[in-house]
Amino acid sequence: MKLRLGLPKGSLQEATFQLFKKAGYNLTVRSRSYYPSIDDPELEIVLMRAQEIPRYVSEGVLDAGLSGLDWILENQADVVEVADLSYSKQTTNPIRLVLAVANDSPYQSVQDLQGKRIATELVNVTRQFLEAHGVKASVEFSYGATEVKVPQLVDAIADLTETGSSLKANNLRVIATILQSTTRLHANKGAWADPWKREKLQNLAVLLQGALLAESKVGLKMNVPECKIDQVLTILPAMKHPTVSRLYNSDWVAVETILDEKVSRDLIPALLKAGAQDIIEYPLNKVIP
């Protein structure tokens, strides 16, 4: 038996392949191929646009797939969410679908778009947002280069942004956030009802989420004189409790812990002052809580 899994081709492809590699899966794909090989005989991979994956999952063409919440909602796909995977093409932050207008536009809020023209790739999601705010506007599908359509062709756009740099480069400002979106591992309801496929998806989710969690963590090892261990442990964060073991035939102990990478830069000098020596920081592939 195989699980047929749709992965996004395009801007999210490289980040997805890197995530799978950290999770323990090696994916290789030839140029112009849509069927990568993977070192798991129980997985069959299909590459396609993220916009289409939820529809094919919902219809049962794919057992499961990775796509953003934005495209699941846009396709009105009736799927099972297996895991929230907070990564995008540049960062691990959610992307946002925003309403944006020209910097010198008089529009300040979504209500100001009453009767106006809006261009977007996410027509259904945008229309639902406007309706929820009592705004009637003309929402048209954009085939690309959406940012350049304001203000000559449309009054506003609803566009996905990760860092906001493209909007700023095109002299646009945000007046509302429609939704925040992360990549979701989602499954067809029939596949989810199959015990073998469900277990396969759950195991895959554990490994992918573990790989994502590891991106923000590092491991620290150090040696500490036993007389100074309390000082070190006082300032040392850990996922639960640090591991402390006595060095052979010595009055020193070895300490090991996992912590957020962002704190290690300031923590290491403090550990040295507290008496720690031989400090080693190392990267992690997976962290499974």
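Author: Leu185 is buried, with a relative accessible area of 0%, where buried means under 20%, exposed over 50% and partly exposed in between (1.4 Å probe, protein chains only). This is a predicted model, in which local features need pLDDT of at least 70, side-chain atom pairs count only at pLDDT 80 or more, and totals for chains, interfaces and linings use all residues. Residues are numbered from 1 along each chain as its sequence is written, and side-chain values use heavy atoms, with hydrogens and water left out.

Reader: In which strand is Leu185 found?

Author: Helices (H or I, at least four residues) and strands (E, at least two) are DSSP runs, numbered from the N terminus. By that numbering, the strand that holds Leu185 is β12.

Reader: What is Leu185 in contact with, leaving aside its neighbours within four places in sequence?

Author: Contact means heavy atoms within 4.5 Å. With those neighbours left aside, the contacts of Leu185 are Leu5, Gly65, Leu66, Val80, Glu81, Val82, Ala83, Leu85, Leu201, Leu204 and Ala205.

Reader: In what order do the five strands of the open sheet stand?

Author: Two strands pair if DSSP finds at least two bridges between them. In this open sheet of five strands the pairing is mixed, and the order is β4-β1-β5-β12-β6.

Reader: Which strands stand at the edges?

Author: An edge strand here has a single partner strand, so one side of it is left without a neighbour in the sheet.

Reader: What is the bridge partner of Pro8 in β4?

Author: Strand β1 (residues 3-9) pairs with β4 in the parallel sense, over seven bridges. Across from Pro8, the partner in β4 is Met48.

Reader: What angle does the direction of helix α1 make with that of β1?

Author: Helix α1 (residues 13-23) packs on the sheet and touches β1, β4 and β5 (64-68). Its buried residues are Gln13, Ala15, Thr16, Phe17, Leu19, Phe20 and Ala23, and these pack against β1, β2 (27-28), β3 (37-38), β4, β5 and α7. The angle between the directions of α1 and β1 is about 135 degrees.

Reader: Across which strands does helix α7 lie?

Author: Helix α7 (residues 195-214) runs at about 15 degrees to β6. The strands it lies across are β1, β4, β5, β6 and β12 (183-187).

Reader: With which side chain does the side chain of Ser181 make a polar contact?

Author: Ser181 lies in strand β11 (residues 172-181) and counts as buried, at 3% relative accessibility. A polar contact is a pair of N or O atoms within 3.5 Å; within protein, one must be able to donate a hydrogen and the other to accept it, and residues adjacent in sequence count only if both atoms are side-chain atoms. The side chain of Ser181 reaches the backbone nitrogen of Leu69 at 3.1 Å. Its side-chain partner, at 2.8 Å, is Asp70.

Reader: Why is strand β13 largely enclosed by the rest of the structure?

Author: Strand β13 (residues 217-225) pairs in the antiparallel sense with strand β15 (residues 252-260) over nine bridges, and in the antiparallel sense with strand β16 (residues 277-283) over five bridges. β13 is largely enclosed because, of its nine residues, the number buried is eight.

Reader: Over which ring does the charged end of Lys221 sit?

Author: Lys221 stands opposite Ile280 in β16. A charge sits over a ring if NZ of Lys or CZ of Arg is within 6 Å of the ring centre and within 35 degrees of the ring normal. The charged end of Lys221 is 5.8 Å from the centre of the ring of Tyr282.

Reader: Of what kind is the pair formed by the rings of Phe141 and Tyr143?

Author: Rings of Phe, Tyr and Trp (its six-membered ring) pair if their centres lie within 6.5 Å; planes under 30 degrees apart count as stacked, over 60 as edge-to-face and the rest as tilted. By this rule there are two aromatic pairs. The ring centres of Phe141 and Tyr143 are 4.7 Å apart and their planes stand at 85 degrees, so the pair is edge-to-face.

Definitions and conventions:
Axes are lines fitted to C-alpha atoms, for helices over the stretch in contact, and angles run from 0 to 180 degrees between N-to-C directions.
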